[in-house]
Amino acid sequence: MSRRPVIPSRRIADSGSIPFTNSLHQKSRSSPLLSVGLVVVAALLLIGYSYSGGFGGDKDVVSKVEGDLSCTSEVLRALPILKKAYGDSMHKVLHVGPDTCSVVSNLLKEEDTEAWGVEPYDIEDADVNCKSLVRKGLARVADIKFPLPYRARSFNLVIVSDALDYLSPKYLNKTLPDLARVSIDGLVIFAGYPGKQRAKVAELSKFGRPAKLRSSSWWIRYFVQTGLEENESATKKFGQAATKRSYSPSCQVFHLSSYH
């Protein structure tokens, strides 16, 4: 004899579903209070999470990932240390690198400080402040693979960040001497650490090629080959000021003397 198919509704009724149905009616009657309670609990959890650094922690992670190659932001952190190391040489500064407007803006806040910036790449998405600096001639876009549009010894100090990492030795042979040419008291280079930093996806499309992060020994050998010497006095003062302020750079920092 064939078995009759089981009807779900009948099985529920047979298994004593009336108490369960009553509980549904009870829950439906108490649902407004339950909803309010859940909203309050959720709000408290969100507040506690934000205060515990949950959202801030996520932002920190994002900023670290997006800023893996941002030695320009490192320049901003290092400005007080550079002032201690270079003193009067910080009165007339040229910064070369992406987001140069932020560096120039911070330098101009200091009394008796003149600053200019060179952005090696397009600044179509520049903010109002940056566009204002461009109109004033304090910031400009220039391909650093070619000679800079400045006379020799135009600036006391030249600071470079996130720019040389994208140049092959072929162009470095032209660009680095030219950067030293326009400086009087020295050249400071902020370069990424190999293995510790990586280029952002946005930067790959912007620069057209991935960054070539070199070791400190590679840079030192290259400086010697190019005829650039370490600025020992500035290196020592920078190290002393960094120690005093418990500052540890996340990028490689090289202090070079200008050509004489």
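Visitor: How many helices and strands does the chain have?
Guide: The chain has ten helices and six strands, where helices (H or I, at least four residues) and strands (E, at least two) are DSSP runs numbered from the N terminus. This is a predicted model, in which local features need pLDDT of at least 70, side-chain atom pairs count only at pLDDT 80 or more, and totals for chains, interfaces and linings use all residues. Residues are numbered from 1 along each chain as its sequence is written, and side-chain values use heavy atoms, with hydrogens and water left out.

Visitor: At what angle do α4 and α10 cross?
Guide: The axes of α4 (residues 71-86) and α10 (residues 232-244) cross at roughly 135° and come within 8 Å. Axes are lines fitted to C-alpha atoms, for helices over the stretch in contact, and angles run from 0 to 180 degrees between N-to-C directions. The two helices are therefore oblique to each other; angles under 35 degrees count as roughly parallel, over 145 as roughly antiparallel, 65 to 115 as roughly perpendicular and the rest as oblique.

Visitor: Which residues of α4 meet α10?
Guide: Ile-81, Leu-82, Lys-84, Ala-85 and Tyr-86 in α4 meet Ala-234, Lys-237, Phe-238, Ala-241 and Ala-242 in α10, contact meaning heavy atoms within 4.5 Å.

Visitor: A new topic: is Ser-154 buried or exposed?
Guide: Ser-154 counts as buried because its relative accessibility is 18%; buried means under 20% relative accessible area, exposed over 50%, partly exposed in between (1.4 Å probe, protein chains only).

Visitor: Where does Ser-154 lie, and which residues does Ser-154 touch?
Guide: Ser-154 lies in the loop between β3 (139-141) and β4 (155-161). Not counting residues up to four places away in sequence, Ser-154 touches Lys-92 and Val-182.
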